[in-house]
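Please open the model in your viewer and keep the sequence beside it, so that each selection can be followed by residue number.

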Amino acid sequence: MRKKPTVKILSLVPTMLALTIIPCPAIRAADQLFLVALPDPQGLCTFSVPWVKLPSRVRWEGEGQAFPVKLEAAVNEAKSFIAVEDHLTNELRLVDLRIHRIAFPRWKLPHPGGDPSAYSNQWIIVCSFMMLPVNPRFRYEKHTVMLLDGSFASKRISRPLTAENTMSDEAHLDVNDSLNPLAQSPSNNLSDAQGELPTPLSQVQWEPSLQPFPLDLSAESQRAMHHLFKKYDVASLSLTEIIVARNDPTEQVINSLNLTRALHRGHWLVTFHYDMMPPSIAQHYYVSMRLDGTIITTWTD
């Protein structure tokens with residue numbers, strides 16, 4: 001006869017109610033949707049979400065519908081989640097925030113013959129933070145992956161990171177291409193755009209933990225798409241990702257414009273990533289703008 005699982009009763013204080021610990025069955029890998037793998041001080045971590053949480057009740061259709069999450073609230077929730085989950089007391093500084101559409105191939109759906117349209121307009125918000133104070137040998141970052149309903153993806157350490165592979169390409173993004181989560185990262189072009197900070201600098205800055213995000217993501221994504229229509233003569237595009245990345249002026253810019261560094265720590269570059277429709281055409285388009293809405297650069301790959 002199969003032995004029944006035991007239930008442990010932990011009495012913290014004699015006068016307090018006992019805390020009941022109920023054993024839960026382990027979740028199989030097949031019951032989880034893999035989202036993305038990112039580097040962490042503990043190692044390379046994979047993030048996934050149980051299929052039972054999908055599709056999320058909160059959707060975003062992109063252009064024409066207001067983004068349903070306040071970014072400043074998402075950042076603060078992510079900080080709190082990291083502090084609790086990792087018992088972290090370090091200060092966290094947001095490095096970038098990615099809003100990414102989840103792709104659901106039919107063969108990955110939990111029920112054979114399921115309707116992929118039921119899983120449309122599902123997105124994740126990936127927040128990446130730098131741990132302060134900065135370690136001179138390691139650039140330690142902490143990450144969270146959240147659905148639009150506010151629930152966080154579970155994290156599992158797949159392998160340890162070392163000083164050698166922390167800065168490798170592998171440590172930046174490791175994804176399941178079949179699901180297209182953050183698979184086409186415009187890192188090279190985005191770095192070029194970040195390095196070419198226009199002058200005069202934008203008068204609009206953002207402090208993620210304190211201020212509402214200054215751009216209307218829905219309106220700006222639509223404007224960016226129409227900009228691409230005119231420049232590249234394309235007929236149909238689908239928004240895949242929005243990247244909000246720090247774009248503080250370099251020391252050269254600070255010195256040449258005689259600026260005070262402390263007054264210019266809130267510059268960001270917002271990049272909209274679109275895919276050609278139909279999805280079988282592997283062509284990607286990007287528009288980068290600063291927080292005042294000025295379009296800095298566009299490119300395709």
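Predicted model: local features only at pLDDT ≥ 70, side-chain atom pairs only at ≥ 80, totals over all residues.

Residues are numbered from 1 along each chain as its sequence is written, and side-chain values use heavy atoms, with hydrogens and water left out.

Select the open sheet, where 7 strands follow the order β7-β6-β5-β9-β10-β11-β12 with antiparallel pairing; strands (E, at least two residues) and helices (H or I, at least four) are DSSP runs numbered from the N terminus, and two strands pair if DSSP finds at least two bridges between them. At the edges lie β7 (141-147) and β12, each pairing on one side only.

Next, select β11 (residues 284-290) and β12 (residues 295-300), which run antiparallel and are joined by 5 bridges. Here Val-287 stands opposite Thr-298, and Ser-288 stands opposite Thr-297. The two strands form a hairpin with 4 residues between them, and Gly-293 in the turn has a positive phi of about 90 degrees.

Now show helix α1 (residues 71-85), which packs on the sheet and touches β5 (91-101), β6 (123-132) and β7, contact meaning heavy atoms within 4.5 Å. The direction of α1 makes about 60 degrees with that of β6, where axes are lines fitted to C-alpha atoms, for helices over the stretch in contact, and angles run from 0 to 180 degrees between N-to-C directions.

Finally, select helix α3 (residues 217-232), which lies across β5, β9 (237-246), β10 (268-276), β11 and β12, running at about 60 degrees to β10.
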